[in-house]
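I opened this entry to keep track of what I looked up. The notes follow in the order I made them.

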Amino acid sequence: MDEGATATAAQDEPPLLDVRDLHVEFRTRDGVARAVNGVSYAVRPRQTLAVLGESGSGKSVTAQAVMGILDSPPGFVTRGEILFRGEDLLTMGAEERRRVRGARMAMIFQDALSALNPVLTVGEQLGEMFRVHRGMSRKDARARAVELMDRVRIPAARDRVGQYPHQFSGGMRQRVMIAMALALEPELIIADEPTTALDVTVQAQVMELLAELQREYGMGLILITHDLGVVADVADHIAVMYAGRIVETAPVHEIYKRPAHPYTKGLLESIPRLDQKGRELYAIKGLPPNLLNIPTGCAFHPRCPLARDVCATDEPELYRISARRGSACHFWRECLGEHQR
Amino acid sequence: MGRYVIRRLLQMIPVFAGTTVLIFVMVYALGDPVQARCGDRACDPATAAQIRHDLYLDHPLWQQYLRYMGQIFRGDFGVAWNGRPVTELLASALPVTLRLTVLAILFEIVIGITLGVLTGLRRGRPADTATLLGTLLVISVPTFVTGYVLQYLLGVKWNLIAPSVSSEARFDELIVPALVLALTSLAYVTRLSRTSVVENIRADYVRTAVAKGLPRRRVITRHLLRNSLIPVVTFIGTDIGALMGGAIVTERIFNIHGVGYQLYQGILRLDSATVVGFVTILVIVFLLANLLVDLLYAVLDPRIRYA
């Protein structure tokens with residue numbers, strides 16, 4: 001498999017981004033919400049890491065901390081390191097950090113309509129990248145903006161460069177977003193639910209475009225999503241998050257075949273499948289945890305079908321299952337075995 | 001855009017007719033202008049009849065109205081109680097009030113927006129709380145109180161300004177009166193800009209701008225303010241008309257011979273020609289200011305396009 005081959009090749013390279021034991025909390029009036037509790041992950045050049053989880057799992061907050069766009073206050077990084085090509089972003093000065101943003105790592109947001117400035121033309125917003133980071137003239141920046149729009153296959157780019165975001169369709173707007181992230185050919189792109197706001201047919205097109213551009217530019221990609229369907233085709237590696245923690249991490253094909261955490265298993269079983277038409281869809285029972293008051297022990301234990309006494313008291317570490325796999329479940333062996341039956 | 005402007009101008013006709021009719025009726029209801037001219041004594045019946053005939057007052061109200069409208073469009077606003085043509089009064093009063101209004105608007109823009117944006121960016125800090133309280137205070141105290149207090153303190157007690165404005169009404173004399181006139185609106189502009197900045201600072205597109213690695217200054221001026229100030233600009237636009245009307249109180253306090261002063265005199269003397277003439281001009285100013293605001297809105301916010 002082609003993707004598998006590139007992933008292994010990338011495996012030997014030093015990581016592009018190495019997040020280590022990251023803790024983020026939000027200090028609110030109601031108390032401290034511990035949104036990220038010791039997340040570690042790595043992305044290598046040309047690799048795609050999918051970060052999976054439901055809302056409130058901390059997947060977006062982790063990304064915001066990496067980008068340095070956390071709303072602070074109330075959000076604070078309290079512990080950990082974010083190494084980007086070996087340099088810790090968290091100890092960098094504000095100005096130095098700003099120069100990294102947009103130029104060396106860029107972000108694609110979920111809803112392009114609200115993420116693009118409504119009163120500036122698409123050309124202005126794209127051109128701004130070149131004007132600010134590269135000091136280009138207005139005219140040159142505009143020419144580059146048109147080029148970029150061609151790149152992401154927006155038809156009639158020359159005519160549309162002067163239009164405003166609301167004059168574009170949802171899919172085209174997301175292409176503009178992608179073009180903006182791509183502008184300065186960054187080493188890393190973080191895509192935060194890039195296709196969630198789009199029609200299903202357009203979703204596939206945008207994902208395809210993103211994957212293609214990634215291959216072309218050789219960037220590392222972090223794909224944040226709650227949609228398992230999106231992940232399967234494009235990701236090399238998956239990190240599943242729950243209550244601000246990584247509960248399972250594995251190469252993509254392995255996780256689909258044999259999940260090693262009951263939460264991942266629940267997610268996989270709740271995907272609608274054609275061969276189970278007519279049957280009631282599986283749903284993980286209970287509600288996502290309240291981040292102000294995360295359950296003791298394993299945060300998933302109140303919802304877990306495998307839970308035993310130990311789960312409520314002892315917090316599972318991320319057990320190493322194989323060289324590239326980990327599961328934060330005391331009973332991962334059981335989970336793997338049970339699924340095989 | 002052109003068609004929109006034409007349509008809006010046409011829409012002004014019924015509004016203009018409606019407001020002038022109302023004013024006409026209200027002035028008529030005020031009392032007998034002929035009696036007002038004779039003062040406390042009873043009028044000589046023959047003279048009264050003569051005046052009535054000269055002023056067209058012996059005709060039904062609707063005929064008077066139509067005749068008046070006809071005159072206005074020929075540039076004739078009638079004659080005031082003191083024998084001067086109303087147009088002459090307008091010519092002397094309008095520039096004064098215009099100067100006052102322009103100064104007031106400048107205060108609103110410079111002080112109001114600056115305060116609003118600065119506090120909006122520092123939400124929850126002491127400066128923000130202090131400004132919020134201050135504006136609340138300003139909004140609660142009526143103009144005539146702040147006017148008289150400032151006049152007394154600055155003009156009489158500390159002798160920093162002349163308590164009354166000369167008939168030339170130079171810009172420097174108008175600074176304090178303009179501040180008094182602007183004060184309430186200024187407080188609203190401050191609050192509006194603050195709220196707008198606070199709302200927009202958490203907006204997704206601001207986060208995008210930060211994620212693009214833009215310097216903070218550029219994020220604020222080009223992305224945040226451009227969006228936040230749209231409602232503020234609209235408010236200030238509509239305020240032009242309100243300020244000119246609101247000048248009545250301020251002009252009276254500082255003895256400024258502007259539109260408000262003339263209007264006040266006109267009302268006191270039941271001088272229908274002056275009152276109707278001046279109010280008509282104010283109505284036109286108001287309508288044009290509103291049109292201007294709507295057009296400005298479309299310029300500022302590309303999502304709004306008038307067909």
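Is A:Arg85 buried, partly exposed or exposed? The model is predicted, and I worked from its computed values. I counted 15 other C-beta atoms within 10 Å of A:Arg85. Burial takes 20 or more and exposure 12 or fewer, so A:Arg85 is partly exposed. I found A:Arg85 in the loop between β4 and β5 (87-88) of chain A. Its phi is positive, about 50°, although A:Arg85 is not a glycine.

I then looked up A:Glu185, which is not a glycine either and has a positive phi near 50°. This residue sits in the loop between α8 (170-182) and β7 (188-192) of chain A. A:Glu185 has 12 other C-beta atoms within 10 Å and is therefore exposed.

Next I checked for cis peptide bonds. One joins A:Ser72 to A:Pro73, with omega about -10°. Another runs from A:Pro73 to A:Pro74, with omega near 10°. I placed A:Pro73 in the loop between α2 (59-67) and β4 (75-84) of chain A. A:Pro74 is also in the loop between α2 and β4.

I turned to the records. An unreviewed UniProt entry places "domain: ABC transporter" at residues 19-268 of chain A. I noted 41% helix and 27% strand over that span, with its end C-alpha atoms 26 Å apart.

For chain B, the unreviewed UniProt entry gives "transmembrane region" for several spans, including residues 96-118 and 224-249. Residues 96-118 of chain B are 100% helix, and their end C-alpha atoms lie 33 Å apart. Residues 224-249 of chain B are 100% helix, with end C-alpha atoms 37 Å apart.

Note on methods: Residues numbered from 1 in each chain as written. Chains lettered and ligands numbered in written order. Predicted model: local features only at pLDDT ≥ 70, side-chain atom pairs only at ≥ 80, totals over all residues. UniProt positions renumbered as here; feature names shortened; annotations may be inferred. Helix = DSSP H or I, 4+ residues; strand = E, 2+ residues; numbered from the N terminus.
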